[in-house]
Amino acid sequence: MLTVELDVLIFGGGVAGLWLLDELRRTGYSALLAEPHALGSFQTIASQGIIHGGLKYMFDGNLTPSAAVISEMPALWRSCIAGDGEPNLTGTTVLSDCCYIWGTGSFKSRIFLTGSAMALRTRPMPVEPQDYPDSIRNVPGKVLRVGEQVIDPTSLVQILARRNAGHILHTDPQQPPQFNRLGDRITDATLAPHPLTQIPQLQVRPRTLVLTAGRANATLRTHAGLSAGSMQLRPLHMAMVRGRLPRLFGHCIGYPRPRITVTTNLDSQGRTIWQIGGQIAEDGVNMDEPTFRAHARKELLACIPNLDLREAEFSSYRVDRAEAATATGQKPDDVHVIQDGNLLTSFPTKLALAPRLARRILQYLPQPQSTTPHPGFPDVSLPPVALPPWETCPWFTVR
C-alpha cells in the first residue's frame with residue numbers, strides 16, 4: 001500500500017471538483033481528486049453549457065438573490081476562456097458568444113421582455129429584425145441578445161483534466177473509499193485505484209476532504225460515518241432533437257422562467273443536435289419517454305414559428321440536479337458548503353458557479369503545509385471523459 005500525505009483530497013470529477021483542484025494547485029495546496037466513473041459524468045456533461053448571467057432568474061426587472069449571485073460569472077469565464085484569467089481555459093469550445101431571447105406574443109412574455117433589461121451586468125440588448133437568427137426570424141414581437149456564452153462541457157472537462165493530469169485518480173467503482181476517524185476528524189482514506197491503472201492501493205492522509213460528487217455526496221458521507229446530509233434532488237427530463245436544424249442558442253420566455261432553452265451541438269457523425277431545457281424539462285419529469293417526446297415536439301412548434309420537424313428525430317434523458325436542501329424545495333440562491341470536522345460537502349448549484357464554489361471552499365481551508373507536494377501519478381490514472389447524452393441515448397421519429 002502506498003501512503004500519500006496531502007492538504008486536500010477531493011471526491012468528484014465534475015466541473016466543481018476539477019475547477020477546485022486547479023484552484024488549489026495554483027494557490028500552493030497539494031491536492032488529489034478521486035473519481036470512480038468518467039470525468040464529467042451525470043450533471044456536468046449533461047448540462048447545456050450556458051454561462052448564465054442571471055437573466056433566467058429575473059422577472060419584470062426584479063433582481064432576485066440568484067441573479068445577483070451569478071451576475072459576475074460571464075465576465076470571469078470569458079476572461080479564462082480568452083487566456084487572460086486563471087485557470088487558463090484557452091481551447092474550450094465556445095458554441096455561441098451569446099444567447100437570444102424571444103417570446104410567444106403572450107402578455108406575460110411581453111412583460112418579461114420589457115422588464116428584463118434592467119439591473120444585470122450582462123444586460124439583454126434589442127436586436128434589429130434584419131439581424132434575427134434565421135431560426136426565429138418569424139417570432140412575434142422583439143428579440144433580445146444577451147452576452148451569455150455557451151460552451152461545450154466536454155471540451156471544458158478535457159482541458160481541466162489535462163491541466164491537472166497526475167493529480168486525478170481513477171478509482172475502482174466496485175470498491176468505495178474506506179475512512180478512519182479520530183473524534184470529529186477523518187485521519188485517512190483508503191482508495192482502491194481502478195484495475196486498469198495498475199497503481200497499488202492508496203492510504204491518503206489529507207488535512208481536509210471535499211465532496212463535490214453531486215448526488216454521490218450522500219453515499220460518501222455515509223461511508224465517512226456521517227448522515228446523508230441536507231441534500232435535495234431536482235429531477236429534470238431534457239429533450240433532444242436531431243436532424244436538419246438551424247443553429248440556435250436561446251430562451252423562449254414563458255412565466256416565470258424560460259418555456260424552452262435551446263442549445264446546438266454536432267454529434268460524432270456531424271449531425272445537428274438541439275438540446276432543450278427550461279420549463280419543459282421540469283414539466284417532463286412525470287411523463288414517460290414517448291409522451292415527453294410528443295410534448296417536446298409540440299412545444300418546439302409553439303415556440304418557433306415555421307420550424308420544419310418533418311425529418312427530425314427525438315430523444316430525451318433524465319438527470320438529477322443535486323443541491324443543498326432549501327425549506328421550499330426550490331433551487332438554492334447560491335453555492336453551499338457544509339462543514340463536518342475536516343470534511344466539506346459542497347454544491348455548486350449551476351455549472352457557471354464553479355469558480356465561486358472554489359473560492360468559497362478556500363475560505364474553509366488552513367494554509368498549505370510546507371511539505372513536499374505529491375509528485376503526481378502517471379497519465380494512466382486519468383479517467384476517461386464522459387460521452388454527451390446524444391451519443392448514448394436511443395432516437396425515435398415523432399409524428
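Guide: Helices (H or I, at least four residues) and strands (E, at least two) are DSSP runs, numbered from the N terminus. The model is predicted, so local features need pLDDT of at least 70 and side-chain atom pairs pLDDT 80 or more, whereas totals for chains, interfaces and linings use all residues. Residues are numbered from 1 along each chain as its sequence is written, and side-chain values use heavy atoms, without hydrogens and water.

Visitor: Which residues lie nearest the centre of the second largest pocket?

Guide: A pocket is an open set of points on a 1 Å grid over the protein atoms alone where a 1.4 Å probe fits, with protein on both sides within 12 Å along at least five of seven lines; lining residues have an atom within 4 Å of a point. Here 13 residues line the second largest pocket, and Phe 42, Ala 46, Leu 387, Pro 389 and Thr 392 are nearest its centre. Helix H2 (43-46) and strand E16 (313-324) each supply at least two lining residues, and E16, with three, has the largest share.

Visitor: How many salt bridges are there, and what does Asp 334 pair with?

Guide: Counting a side-chain nitrogen of Lys or Arg within 4 Å of a carboxyl oxygen of Asp or Glu, there are 20. Asp 334 pairs with Arg 356, at 2.7 Å between the closest N and O atoms; Arg 356 lies in helix H10 (residues 354-362) and Asp 334 in the loop between E16 and strand E17 (336-340), 22 residues apart. Arg 360 also forms a salt bridge with Asp 334, at 3.2 Å, and this pair is 26 residues apart.
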